[in-house]
Amino acid sequence: MGNHKQGRNLSLEEMDKQSLLHPYTSITDHLEHGPMVIEKGHAARVTDTTGRDYIDAMGGLWCVNIGHGRQEMVDAITEQASKLAYYHLFFSMANEPAIRLADEVLRIAPDHMSKVFFCNSGSEANDTQVKISWYYNNLRGLPQKKKIISRHNGYHGVTAVAASMTGLPRNHKSFNLPLDGFLHVTSPHHYFNAEPGETEEEFSERLAKELEQTIEKEDPSTIAAFIAEPVMGAGGVITPPKGYFSRVQAILKKHDILFIADEVICGFGRLGTMFGSDMYELEPDMMSIAKGLTSAYVPMSAAIISEKVWEVLRDGSPETGPFAHGYTYAGHPLAAAAGLKTIEIMLREKLVDNAQKVGNYLQTRLKETFLDNPLVGEVRGVGMMAGVELVADKAKKIPFDPSAKIGPRITQLLLEEGVIHRAILNAYAYAPPLVMTESDVDEMIERDERAVRKLSDELAREGLWKAA
Ligand SMILES: Cc1ncc(COP(=O)(O)O)c(C=O)c1O
């Protein structure tokens with residue numbers, strides 16, 4: 001029984017501390033402060049168990065695109081549950097919502113996408129893509145072509161392969177990662193990584209050269225795939241510099257390297273286009289989707305493969321036998337029903353257009369509000385995704401030392417103002433539900449500005465920062 005006490009007489013907060021190991025949470029801090037328990041949600045707002053309302057500036061974890069508390073989603077899921085709550089897709093079995101959802105996804109995905117392989121999380125979708133790239137090269141008689149290139153600051157999930165592709169030290173440290181054969185190139189963050197005076201195009205050219213040199217040094221015949229988010233999310237909301245992806249794609253094509261677009265955040269309208277690939281004219285060989293696919297009402301993700309990849313799998317099938325990969329819950333009918341309803345709502349309510357319109361408003365208002373703030377180094381983003389970078393020295397672009405704990409401090413102050421954000425090092429992020437209105441944006445930014453002002457005052461008082 002360990003030291004687990006009976007939960008009956010405990011508060012929810014105490015029970016949580018006794019029973020849950022939380023993802024991405026400091027155990028020490030959690031044991032001291034306990035959880036914040038969210039009880040209900042509606043549109044872009046949620047309420048905690050103390051009755052306090054918050055603007056959900058992150059749409060949960062960049063995922064509740066259609067907004068919280070949609071009764072018609074509940075009805076669609078309930079209806080499916082009462083008819084058939086589970087059947088799988090193994091051994092040629094199927095269920096109707098999974099078939100229909102695959103068809104719908106392909107209808108809105110770029111034309112050259114060909115087949116949908118359902119999984120349950122973004123990590124699983126990316127793991128699947130890597131395994132498909134290995135399988136693909138084995139079938140082509142290229143068994144050496146297996147390494148994967150990703151980028152520092154990229155986020156692709158936490159399973160052993162996905163975490164190896166993720167380019168964040170904390171995901172590697174203490175886990176003996178990355179695995180062999182996973183390489184990382186420079187993050188395309190112009191603000192911090194460009195040389196003084198280097199234009200976006202020049203920076204892109206330099207990064208493209210670095211990629212090509214890495215490929216040549218490793219030997220192109222050993223590299224299977226390159227994975228990238230159209231806009232990096234959890235690594236800091238980093239938009240690609242001008243000309244970056246066109247150069248990268250040309251190099252990948254030249255060396256016969258598959259391009260996996262990790263659309264887990266960018267897909268389903270986040271940037272004001274249906275996919276990030278539409279926004280940046282990407283022609284990926286494979287696309288990973290999750291989050292917005294079901295708006296997180298039920299977990300679901302998918303690895304989409306293009307016709308080029310599909311043809312190799314199909315032609316190799318007589319020799320290899322069954323495609324020996326799959327998750328018990330892949331294509332789960334309840335998740336698929338949620339996915340179908342999400343797409344129906346997105347199209348009916350023109351949420352991609354709303355994300356573009358309100359997203360433009362959000363970007364403009366953020367720039368107007370924060371660009372001249374001496375604590376803010378950069379305001380970046382596109383559509384309904386943004387990041388505000390807080391810096392120790394604006395003129396010299398010097399970040400705060402981690403010991404200043406800027407991330408936790410700003411998120412706490414934002415929470416006190418009634419907005420849930422997420423900190424990424426010294427930046428904080430925005431990825432609200434796509435149903436947000438311009439007046440929601442105004443209210444959110446007004447609160448955010450108060451929190452940033454409070455932080456400036458506190459830091460100045462503590463001698464940790466002073467306005468230049
Ligand atoms: C771009 C991207 N890829 C993959 C993942 C991993 O998804 P999951 O947490 O569902 O495994 C995430 C999660 O935030 C993500 O943002």
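Let me start with one glycine. Gly272 touches Val352, Ala355, Gln356, Gly359, Val382 and Gly383, leaving out residues up to four places away in sequence. This is a predicted model, so keep that in mind throughout. Gly272 sits in the loop between strand S8 (258-262) and helix H12 (276-279). Is Gly272 buried or exposed? There are 22 C-beta neighbours inside 10 Å, so Gly272 counts as buried. One more pair here: Gly272 and Met384. They are 112 residues apart in sequence, yet 7.1 Å apart in space, C-alpha to C-alpha.

Now the domains. The protein chain is divided into domain 1 (37-66 + 350-461) and domain 2 (72-348). Their centres, taken over C-alpha atoms, are separated by 27 Å. Domain 1 puts 29 residues into the contact, and domain 2 puts in 23 residues. Which elements give two or more residues to the domain 1 side? They are helix H3 (59-62), helix H15 (351-370), strand S11 (376-382), strand S12 (385-393) and strand S16 (427-430). By class, that side of domain 1 has 17 nonpolar, eight polar and four charged residues.

On to the core. The largest nonpolar core has 134 residues, and Ala302 and Ile304 touch the most other members. Helix H14 (residues 333-348) gives the most to this core, with eight residues. As a general point, nonpolar side chains in soluble globular proteins tend to be buried together. Take Ile304 up close. Beyond its neighbours within four places in sequence, Ile304 is in contact with Val105, Ala109, Met113, Val116, Met286, Met287 and Ile289.

Next, the ligand. How many residues surround the ligand? The count is 15, and the closest are Ser121, Gly122, Ser123, Gly157 and Val264. Helix H6 (residues 122-139) supplies the largest share of the shell, three residues. By class, the shell has six nonpolar, seven polar and two charged residues.

Start with S12. Seven of the nine residues of S12 are buried, so the strand is largely enclosed by the rest of the structure. What does S12 pair with? S11 joins S12 through six bridges, and the two run antiparallel. Within that pairing, Gly381 stands opposite Ala386 in S12. S11 and S12 form a hairpin with two residues between them, and Gly383 in the turn has a positive phi of about 55°. Recall that Gly383 is one of the residues Gly272 touches.

S12 also pairs with S16, antiparallel, over four bridges. There, Val388 has Tyr428 in S16 as its bridge partner. Then comes S13. Two bridges join S12 to S13, again antiparallel. Asp393 stands opposite Ile398 in S13. The hairpin of S12 and S13 has four residues between the strands, and Lys397 takes a positive phi near 55°. Lys397 is not a glycine. With 15 C-beta neighbours inside 10 Å, Lys397 counts as partly exposed.

Now another sheet. It is open, with four strands in the order S1-S2-S3-S14, and the pairing is mixed. Why is one side of S1 and of S14 left without a neighbour in the sheet? Strand S1 (38-42) and strand S14 (419-420) stand at the edges, each with a single partner strand, so one side of each has no neighbour in the sheet. S1 and strand S2 (residues 45-48) pair antiparallel over four bridges. Thr47 in S2 is the bridge partner of Lys40.

Some backbone details to finish. Leu177 and Pro178 are joined by a cis peptide bond, with omega about 5°. Pro178 lies in the loop between helix H8 (169-172) and strand S6 (182-185). Lys350 has a positive phi of about 50°, although it is not a glycine. Lys350 is found in the loop between H14 and H15. Lys350 counts as exposed, because it has 12 C-beta neighbours inside 10 Å.

With 18 C-beta neighbours inside 10 Å, Gly60 counts as partly exposed. Gly60 and Ala355 are 295 residues apart in sequence and 17 Å apart in space, C-alpha to C-alpha.

Conventions
Residues numbered from 1 in each chain as written. Predicted model: local features only at pLDDT ≥ 70, side-chain atom pairs only at ≥ 80, totals over all residues. Domains from an automatic or database assignment. Contact = placed C-beta atoms within 7 Å. Nonpolar A, V, L, I, M, F, W, Y, C, P; charged D, E, K, R; others polar. Core = buried A, V, L, I, M, F, W, Y, C linked by C-beta atoms within 7 Å. Buried ≥ 20, exposed ≤ 12 C-beta atoms within 10 Å, placed from the backbone. Near = placed C-beta within 6 Å. Pairing = 2+ DSSP bridges.
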